[in-house]
Amino acid sequence: MNAEPQIASELPLPGRVRAHVLIPFMIITLIWGSTWLVIRDQLGVVPSMWSVAYRFITASVVMFAVAAVTRTPLRVGREAWPLILLVGLTQFVINFNLVYRAEAYVTSGLVAVIFALLLVPNAILARIFLKQGLSMPFLLGSIVAMGGIGLLFAHELKLDGADNGAVLTGIGLSLVSVCSASIANVAQATERARSIPIIALIAWSMVVGAAADAAIAFATAGPPVFDPRPGYIAGILYLGVIASALAFLLYYRIIREIGAARAAYSSVLIPVIAMALSTIFEGYRWSVTAALGGALTFVGLVLALRGRRA
């Protein structure tokens, strides 16, 4: 496998690339910073698996419409299907089903903070499969960040009335979800991924994901259930059109521009928005332990990012 693009991703970004990436990077951060709270509102009447299926059915329709408007060919060769299946199953099935389940056990803000660790498996998998180097500052920063996450976990376990089993379940589901998302992220950095038109890759991956999501939902939760509440319908449209079709199109373009590790930098900023919204709308209770854990997490991730740039 050609390692040249990965070596280049360790160098400072040219000014033209920084300008080209900055706006979509900020849009993604703002969108995904709010999705955690919207997902929380989707839980209740409709089994989470069906909510995930509705989200990606909607996103698939939008992506095919985008392909039609932009006249992007959707035909792909047989050699592309292993990658499409990998992205579809890891990103749009395992990742999101576990995220929705996790939010039934812990606050949306805490799940978002755990997702800030996406940078770590992205870098490790890039090291294993793409031969990217890992600097000592990155490793030390990652250790500090994981220590901060540990303090946040301790805070959740100490809350009055907290079901420790439920908290640990939510944390475990979130961590597995992060690893699954990371696999899809790093797959985007391969030469094979770059050879497939990005709209076609996302469209077919979402079709695979939506079909698998619906099959899993039917097998585990029975026939489709839908909530006619306007807030639920608006949530499906927001998550499917804005947070999936638009956001993943922008995000995967960024991955191809600057690599999976740098693209994951947004995961450091997203929890700031998510935790603020969780505090306002979910009544998340901060303590000294939680505040220290949050601070350590962000300091560690900033140190890790400095290591990656170096």
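Reader: Where does Met 26 stand, buried or exposed or in between?
Author: Met 26 counts as partly exposed, at 48% relative accessibility. Buried means under 20% relative accessible area, exposed over 50%, and partly exposed in between, with a 1.4 Å probe and protein chains only. Met 26 is placed in helix H2. Helices are DSSP runs of H or I with at least four residues, strands are runs of E with at least two, and both are numbered from the N terminus.

Reader: What kind of model is this, and how are residues numbered?
Author: It is a predicted model, in which local features need pLDDT of at least 70, side-chain atom pairs count only at pLDDT 80 or more, and totals for chains, interfaces and linings use all residues. Residues are numbered from 1 along each chain as its sequence is written, and side-chain values use heavy atoms, with hydrogens and water left out.

Reader: How far is Met 26 from Ile 270?
Author: Their C-alpha atoms are separated by 9.8 Å, although the two residues are 244 residues apart along the chain.

Reader: Which residues of H5 are buried?
Author: Eight of the eight residues of helix H5 (residues 108-115) are buried. Among them are Gly 109, Val 111, Ile 114 and Phe 115.

Reader: And what follows H6?
Author: Lys 131 follows H6, and its phi is positive, near 65 degrees. Within H6 (residues 119-130), the buried residues include Pro 121, Asn 122 and Leu 130.

Reader: What about the residue after H3?
Author: That is Arg 71, with a positive phi near 55 degrees, in a residue other than glycine. Arg 71 sits in the loop between helix H3 (48-70) and helix H4 (81-102). Arg 71 is exposed, because its relative accessible area is 76%.

Reader: What span should H3 have?
Author: The 23 residues of H3 should span 33 Å at 1.5 Å a residue, and the end C-alpha atoms are 33 Å apart, so the two agree. The expected span is 1.5 Å times one less than the number of residues.

Reader: Switching to aromatics, how many pairs are there?
Author: The count comes to 14 aromatic pairs. Rings of Phe, Tyr and Trp (its six-membered ring) pair if their centres lie within 6.5 Å; planes under 30 degrees apart count as stacked, over 60 as edge-to-face and the rest as tilted. One of the pairs is Trp 32 with Tyr 251, which is edge-to-face at 5.1 Å centre to centre and 70 degrees between the planes.

Reader: Which helices hold those two?
Author: Trp 32 is in helix H2 (residues 15-42) and Tyr 251 in helix H11 (residues 230-258), 219 residues apart, and the pair links distant parts of the chain. Both Trp 32 and Tyr 251 are buried.

Reader: What does the side chain of Asn 185 contact?
Author: The side chain of Asn 185 makes a polar contact with that of Gln 91 at 3.4 Å. A polar contact is a pair of N or O atoms within 3.5 Å; within protein, one must be able to donate a hydrogen and the other to accept it, and residues adjacent in sequence count only if both atoms are side-chain atoms. Asn 185 lies in helix H8 (residues 164-187) and is buried, with a relative accessible area of 1%.
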